[in-house]
Amino acid sequence: MIARPIRLPFFALCAALHSPLPALATEGSGAQTGIASVYAYAGSRTASGERAQPRRLTAAHRTLPFGTKVMVINNRNGRSVVVRINDRGPFIKGRIIDLTPSAAQVLGFSGLAPVTLGVIN
């Protein structure tokens with residue numbers, strides 16, 4: 001499964017998900033859908049140079065700049081969380097984001113889950 005951006009205006013995305021969300025960085029730029037995974041490398045260094053901390057709400061993304069805030073929504077249960085990008089990955093086809101265990105817990109999953117994500121202003 002290849003992650004493809006959804007081409008929906010922000011208001012359509014909110015209506016489809018039935019939840020109040022912050023504005024995406026570029027209205028109409030859409031969001032990404034795909035598979036999220038859980039990762040934790042406690043104590044090791046992330047690509048941004050900070051120490052990996054599994055209890056923080058952080059994530060790895062292939063291309064988004066470090067420090068970018070991203071809203072991640074679990075497509076199975078509608079739960080959402082805002083994470084900060086501080087690492088690179090995932091490097092497995094079909095996955096679009098790696099989340100810390102704390103972020104995955106907020107979303108209500110362990111292992112893998114289908115998600116939608118969008119950059120927050």
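Which residue in E6 stands opposite valine 38? I began my notebook with that, and the answer is leucine 99. I note that the model is predicted.

**Entry 1: the chain as a whole**

I counted the elements next. The chain has two helices and seven strands. I then read them in order along the sequence and wrote down β-α-β-β-β-β-β-α-β.

I looked up burial for the chain. Of its 121 residues, 40% count as buried. The accessible surface comes to about 6500 Å². Carbon and sulfur atoms hold 56% of that surface.

I also checked how far apart in sequence the contacting residues are. I took contacts between residues at least 6 apart in sequence, and 71% of these join residues at least 24 apart.

**Entry 2: strand E2 and its partners**

I went back to E2, which covers residues 31-38. What is the sense of its pairing with E7, residues 112-119? The two strands are antiparallel, and six bridges link them. Within this pairing I found glycine 34 opposite valine 115 of E7.

E2 also pairs with E6, residues 95-99. These two run parallel, with four bridges between them. My opening pair, valine 38 and leucine 99, belongs here.

**Entry 3: aspartate 98**

I stayed in E6 and picked aspartate 98. Is aspartate 98 buried or exposed? I wrote down buried, because its relative accessibility is 12% and the cut-off is under 20%.

I listed its contacts, leaving out residues up to four places away in sequence. Aspartate 98 touches Ser37, Tyr39, Thr58, Ala59, Ala60, Gly89 and Pro90. With serine 37 there is a polar contact, side chain to side chain, at 2.2 Å.

I also took one distance to another aspartate. Aspartate 87 is eleven residues from aspartate 98 in sequence. Their C-alpha atoms lie 8.8 Å apart.

**Entry 4: asparagine 74**

I moved to strand E4, residues 69-74, where asparagine 74 has its place. Its relative accessibility is 2%, so asparagine 74 counts as buried.

What lies 2.8 Å from a polar atom of its side chain? I found the backbone nitrogen of arginine 76.

**Entry 5: asparagine 77**

I followed the chain into the loop between E4 and E5 (80-87), where asparagine 77 sits. Asparagine 77 counts as partly exposed, because its relative accessibility is 38%. That value falls between the cut-offs of 20% and 50%.

Which backbone nitrogen does its side chain reach? I found that of arginine 79, at 2.9 Å. Leaving aside neighbours within four places in sequence, asparagine 77 is in contact with Leu107 and Gly108.

Asparagine 77 and valine 115 are 38 residues apart along the chain. Their C-alpha atoms are separated by 9.9 Å.

**Entry 6: rings**

I searched the whole structure for aromatic pairs. How many turned up? The search found zero.

I then looked for a charge over a ring. The charged end of arginine 88 sits over the ring of phenylalanine 66. From the centre of that ring, the distance is 4.2 Å.

Conventions: Residues are numbered from 1 along each chain as its sequence is written. This is a predicted model: local features need pLDDT of at least 70, side-chain atom pairs count only at pLDDT 80 or more; totals for chains, interfaces and linings use all residues. Side-chain values use heavy atoms; hydrogens and water are left out. Two strands pair if DSSP finds at least two bridges between them. Buried means under 20% relative accessible area, exposed over 50%, partly exposed in between (1.4 Å probe, protein chains only). Contact means heavy atoms within 4.5 Å. Accessible areas come from the Shrake-Rupley method with a 1.4 Å probe; for residues, only the protein chains shown count as cover. Rings of Phe, Tyr and Trp (its six-membered ring) pair if their centres lie within 6.5 Å; planes under 30 degrees apart count as stacked, over 60 as edge-to-face and the rest as tilted. A charge sits over a ring if NZ of Lys or CZ of Arg is within 6 Å of the ring centre and within 35 degrees of the ring normal. A polar contact is a pair of N or O atoms within 3.5 Å; within protein, one must be able to donate a hydrogen and the other to accept it, and residues adjacent in sequence count only if both atoms are side-chain atoms.
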